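Reader: Please take a close look at the backbone in the loops, and then relate it to the rest of the fold and to the ligand site.

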Amino acid sequence: MWPNRRLCDLLKIEHPIIQAPMAGSATPELAAAVSNAGGLGSLGCASMLPDGLRHAARQLRASTERPFNLNFFVCPQPGTSDAVLASAIERLRPYYEELALGEPPARLPPMGPGFDDARLDLVLEIRPPVVSFHFGMPDSTAVDRLKTAGIVILSTATNVAEALKLADSGADAVIAQGWEAGGHRGSHAPNSPGDGVGTMALVPQVVDAVNLPVIAAGGIADGRGIAAAFALGASGVQIGTGFLSCDEAGTDGPRRALIRSATDMDTMVTDAFSGRAARAKRTRYALEMEQSRTQLPDFPQMIVLSAPLSNADARGDFAFHLYGQAAALNRELPAGQLVRTLVAETGEVFDALSTGKTTPA
Ligand SMILES: Cc1cc2nc3c(=O)[nH]c(=O)nc-3n(C[C@H](O)[C@H](O)[C@H](O)COP(=O)(O)O)c2cc1C
């Protein structure tokens, strides 16, 4: 039924639906259920330690014989200057006082780059069928080693220039992430939250620019969105928020409740939690930090300063809940059933469009 099978053929999957790798929310159970239903299940491995990653990959392999994807952040080693840290501490001090948290941390722990040689060796040891990257591509030596191991490489672009860079650096397919998307923007360099290109505008321009399968991401949550992505020239979709309400997702209770009553206007793009732009629940903290911007510590060191606020806050003024603009379309279903529902809905939309019958609601 799919108008083009470029992504299905590349990834050796039945349906061109990728469950987004969502660090902290995508569990091995979720990824396995999606892969078993014919899509591509993914694990967000950015914050996993080596043993945790080995264990999660083992769990995933024990639950599915189908292809799956491991995802990593490609971000440089953070090196927040003392001056930036001092100004961020002054900016956050009133919030720490309000929540009776004492002094903000005076030091940021050293953190490595997102995808280093140790991570590469670990991926080569695990040998997932697919890896995907956020924030860019690793260096050419890493890309060569992954390709030699037969691993398919995906990465995210948020504009045409980034898509061209990915194609140049050896990506096998490009994830075109629109402004609607929940979670961190995959922009290749840190940028302030501002304008971004929406999925509807981004996907056809990326399709025209690169001779690779393009995966549409951002605001896609049902068969109408998937059919629209194909109409724009995409060869598949990556859905994050839509899987957050699945039984197998690691979504915590408060976020499930927020999504249950979500509206299209619930979220905003903010860098006030991690130091990089991410679409998350609009909160008092995110709004106030946006209203008076100061330079923040590098990603992900900013999390060390913001996490005590999010963790201590009972009212939700400081909560960090990542989800996207289409959350109100979410269904609370087991993941395999959601994949089957998405496939059936897309087929109905294709049929309705080709026969001129009323589009199903
Ligand atoms: C809770 C959450 C966590 C995310 N974490 C990651 C991640 O670890 N790696 C990644 O490449 N993308 C991550 N994303 C972004 C997704 O890959 C994808 O671009 C996005 O979910 C698509 O938009 P949608 O949420 O409207 O479906 C995350 C998204 C969400 C909602």
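**Loops, sheets and ligand site**

Author: Pro-300 is found in the loop that connects helix H11 (284–291) to helix H12 (302–312); helices (H or I, at least four residues) and strands (E, at least two) are DSSP runs, numbered from the N terminus. The peptide bond between Phe-299 and Pro-300 is cis, with omega at about -5°. The model is predicted, so local features need pLDDT of at least 70 and side-chain atom pairs pLDDT 80 or more, while totals for chains, interfaces and linings use all residues. Residue numbers start from 1 along each chain as its sequence is written, and side-chain values use heavy atoms, without hydrogens and water.

Two further loop residues call for attention. Most residues other than glycine have a negative phi, and most peptide bonds are trans. Ala-100, however, has a positive phi, near 55°. Ala-100 belongs to the loop between helix H4 (82–98) and helix H5 (117–126), and is exposed, with a relative accessible area of 66%. In this classification, buried is under 20%, exposed over 50% and partly exposed in between (1.4 Å probe, protein chains only). Arg-127 also has a positive phi, near 50°. The loop that holds Arg-127 runs between H5 and strand E4 (130–134). With a relative accessible area of 48%, Arg-127 is partly exposed.

Strand E4 leads on to the sheets. Eight strands form an open sheet in the order E1-E9-E8-E6-E5-E4-E3-E2, and their pairing is parallel; two strands pair if DSSP finds at least two bridges between them. At the edges stand strand E1 (17–19) and strand E2 (41–44), each with a single partner strand, so one side of each has no neighbour in the sheet. From one strand to the next, the twist averages 25°, from axes fitted to C-alpha atoms, with angles from 0 to 180 degrees between N-to-C directions. Within this sheet, E3 and E4 run parallel and are joined by five bridges.

A second open sheet consists of three strands in the order E7-E11-E10, with antiparallel pairing. Its edges are strand E7 (183–184) and strand E10 (267–270); each has a single partner strand, so one side of each is left without a neighbour in the sheet. Four bridges join E10 to strand E11 (residues 278–281), and the two run antiparallel. Thr-267 has Lys-281, in E11, as its bridge partner.

The ligand site draws on the eight-stranded sheet. Strand E3 (68–73) and strand E9 (236–239) each supply at least two residues of the shell around the ligand. The ligand is surrounded by 19 residues, of which the closest are Pro-21, Asn-71, Gly-219, Gly-240 and Thr-241; a residue is near if one of its heavy atoms lies within 4 Å. By class, the shell has eight nonpolar, ten polar and one charged residues, with Gly counted as polar. Backbone atoms make polar contacts (N or O pairs within 3.5 Å) with oxygen atoms of the ligand: Gly-219 at 2.8 Å, Gly-182 at 3.1 Å and Gly-218 at 3.4 Å. Taken alone, the ligand exposes 590 Å², and the protein buries 98% of that area (Shrake-Rupley method, 1.4 Å probe).

Terms used
A polar contact is a pair of N or O atoms within 3.5 Å; within protein, one must be able to donate a hydrogen and the other to accept it, and residues adjacent in sequence count only if both atoms are side-chain atoms.
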